[in-house]
Amino acid sequence: MSKRTYVSALLIAVLVMMGAFSAMAQEPTFGLSEEDFALWSQANAQSAAETRFGFDFSASLEGEIDGEPGSLSVSASGGLDTAAPAAQMTFDFTSAGGDSEPMNVNGELIVLDGNFYINVTDPATGEPTGWMGDSLESLSSSGMAVAGVPSTDALPDMTGALAESLTGALAEIDPSTFIAFTRDGNVFTINVSLADFAASGGGAALLDAVLGAAGEMQPGAIPPGMSADAIMPMVQPVFDGITISLAQTIDPDAMRVQRTELAIGIDLPAQSPPLMLPEPIALTFTAAVDLTSYGEALVIEVPEDVTMGAFSSAMTMPPVVEPTIMPLPTVEAPVITEPQPIEAGESVTVSFNSAPVSFTFDAAAGDIVTITASSVDGSLDTTLQLLDPSGLMIQFNDDHNSDEDLNRFDSLLGDIELRDAGTYTIVVNTLSGSGSGDITVTLTSGAGEAPEPTPTEQPPAPDEPVQGQPLTAGETNYVVFSGAPVSLTYEGTEGEIVTITVSSEDGSLDPTLTLLNPDGDEIGFNDDHNSDLDLNRFDSALIDVELDSDGVYTLVINTFSGSGDGMILVTLDSGASGDDEGGKDGGSSQGGEGSPIVVEGEVPDDETFEYTFEGVEGDIVTITARATDNSLDPVTTLLGPDGDEVASNDDHDDDDPDLERFDSRISEFELPETGEYTVSVRGFGGFGGELELTIEFGSGGSSGGGQQGQQGGSGNDREAGDTETVEGSINAGEAFSYELEVNEGDVFTITAHALADDFDPVLAIYDEDGQLVVRNDDHGTGARDLNAFDSRVERYIFRDAGTYTIEVTGYRESEGDFEVTIEFVTTGAPTDEGETTEYEGSIRANGSFDLDLDLEEGQFVTITVHAEGEEFDPIVALLSPDGELLAINDDHGSGDRSLNFFDSRITDFYIEDSDTYTVEVIGYNDTAGDFTVIVTIK
């Protein structure tokens, strides 16, 4: 960007916009005569071409957000020579609102010969700071460095596709459908209706252009189903609540613009679908520019007693460094050691060092073996493979999930019946393929016969695998699997929603399920269901898949290893047609690597910020305090269990590019004893500010993947409102896990928030036996700090004390970075089922249903709205006696099979005051129908 653009952009941008608008208009004159429109167009074009003019500028923003009134105002006057460039202006800025004190800043600014000079009042004292100066170039580069913005030379040219798409979209829009001109004397007024713009198809056309260009610039950036048709209904209420008008005063003799006034009004009501704002928003923005003295020269002098370089020196954190791409180091692949023999009944301990270790044993046909691989010190996440005499893998296991006396992430292949006689191979590895340590491998034989299939009253199974067998919705189909994929067919219709389950009858197989559309394209895949369905842990399910066309669909049934024998039960349930998202499966359940604890907080002036964690003697920790604003210079101290200082740091001394100069880091510190440690952060010189505190266990540095074996705080030392945030990252098909210790009656709200728009997290919680206790996909709560597809288990009451596992997977194999927030709500909550009452209701389009409830202090209330038909999409809200919105939910996302996909549920809301509360039900997007309100009180 040129220096001229920096100086003049604010004041002449509106003139340039008017010139561009005039060109876009082409034939229409928007209600003006051709002579009037020509006058307006020429005056704008000639004013925008001027390089010298005087100006008076004013702007104000007033209104109310979240019930808090506030205002901002700014005024400035002076002159500009954009060709020099040179400028001289005085300015005044005032803000007021909320509980903060009003603030006023005024001063004078000069731009001359590539430098700028400024003299402002100190808001605290009202006294001028004196003249300070710097070069425009230094200010630009320093400011971009502080903001983390690379130089323009380093930015890829990705604007071509967007510009081309927008140009094509604009060419198809008729601006006369949403823009109206009027003239009153020399004042030309332009009124823009965003509601008419959307109704004309302009909003959808531009949105499609932006989405299309974004998809070209970054393939995969736009989630499936994201289109203008899906988004426009959501933003339509915003368009309806915004008014825009622009008035220009023209001098016909000079053919110049004298004054331009812009007014924008925003009026958005509370609880209006789909935004469901907790409070109304009412804002008014006005701005006016008076342009005078066109063409007159400016007389500007450099002020005396200027302190030069004040800004660039203060803003230079580190300088922006263009990255140098270095060749990757050459790493030799790990060498697989020669197999060593192992006998039945024998345990062998081997040293693992980032390379698979293999064992061989001889077996007869029909032998039954059990194999375990256990990390001696618990630091490795082992995997096991069993290969048959031909080298084909017949079984695989990562985490044993059994009652055996093993570490959580040890591996087990139990009661495997060997089909053929010969030499079998055991391959031991880790999930990441890296790490070092000792692993004990045990082989036992003759553990018992394989379980017989349960011959309950069921249809006879076919003797041979079937191919192309047609499925009937609602019936259970039996197929024989014998080491080769089995295909079945289903006659589906466009928009039909189906749920398909594939279950091993005796639990010995790990089935997989693939769904192909009539064109043979894969539209769904699942290995382990990770749902609350009544299935074995490794069974598969595709839940609420919406079929995209009429025709014959194909189900392909296989096993994870591609081998094995046994009976598989296949069930397909069909629901009504759906218009929104469906077909979400849980993905596979595989763990990842370690992940740091990340806590955000604030250091008060002249005080400290503290965070405690449980440490074990010999643990290696790296503690980093990053300032997230420009006011904090953090000093970090680590206190041991006895409160004595064991380590500290002010300014780090490593070359981590993610750290600023004054951030602090205690690197790879070995904890001297087991106990509770405290991280204390203060601001250097007593100045506080916001920070991000990271605690990493291990060798230091960021680590990705899933969290394994790490635990949250003790269940005995929490207080209401305590919040812990853990960052994680998963690849497609992986799972992130984090252990949480709880007491009976503890209440938590747990959230998985995606840090990238294209990641859709699914949140699940498992008990100590690996059984699913609760699950959520899309939170549906109306929380404005969450993405639409983030997940939240809200106010969950743990019935039993113990260590639970929080697991995050990606919907439809999506992947990305995220953060898990664990908020402790309270403890001592009732763990019984509570008392349930049902109420029948019905609403028409745009209608609402109200239900008054008398609730007592200390009660927990769950409110579920179950629609009688699939076409009704209810939204439920709980209102206080004063009408304040306390909780809201659109789609429950819980996986509860008794509910429709779009039913709503507010879970275990805690009542603080005894009174009469109101349950309100409305229909999303004006849907209507009959429903049941189910109220459970504990």
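Predicted model: local features only at pLDDT ≥ 70, side-chain atom pairs only at ≥ 80, totals over all residues.
## Burial and overall make-up

Buried here means under 20% relative accessible area, exposed means over 50%, and partly exposed covers what falls in between (1.4 Å probe, protein chains only).

Residues are numbered from 1 along each chain as its sequence is written, and side-chain values use heavy atoms, with hydrogens and water left out.

The protein has eight helices and 54 strands (DSSP runs numbered from the N terminus: H or I of at least four residues for helices, E of at least two for strands). Take the contacts (heavy atoms within 4.5 Å) with a separation of 6 or more: 73% of them join residues 24 or more positions apart.

## An open four-stranded sheet

Strands β14, β21, β16 and β19 line up in the order β14-β21-β16-β19 as an open sheet with antiparallel pairing; two strands pair if DSSP finds at least two bridges between them. Because β14 and β19 (411-417) each have a single partner strand, they stand at the edges, and one side of each has no neighbour in the sheet. On average, neighbouring strands of this sheet are turned by 15 degrees against each other, direction ignored (axes are lines fitted to C-alpha atoms, and angles run from 0 to 180 degrees between N-to-C directions).

Over at the β19 end, β16 (residues 368-375) pairs with β19 through five bridges, in the antiparallel sense. V369 sits opposite I416 of β19.

## N353, out on β14

N353 belongs to strand β14 (residues 346-353). This residue is exposed, at 59% relative accessible area.

Setting aside residues up to four places away in sequence, N353 touches G435 and S436. T430 is 77 residues from N353 along the chain, yet their C-alpha atoms are separated by 9.9 Å.

## T694, tucked into β38

For a contrast, which strand holds T694, and is this residue buried or exposed? T694 lies in β38 (residues 689-697) and is buried, with a relative accessible area of 6%.

Beyond its neighbours within four places in sequence, T694 contacts P596, I597, V598, T622, I623, T624 and R626. With R626 there is also a side-chain to side-chain polar contact at 3.4 Å (N or O atoms within 3.5 Å, one able to donate a hydrogen and the other to accept it; residues adjacent in sequence count only if both atoms are side-chain atoms).
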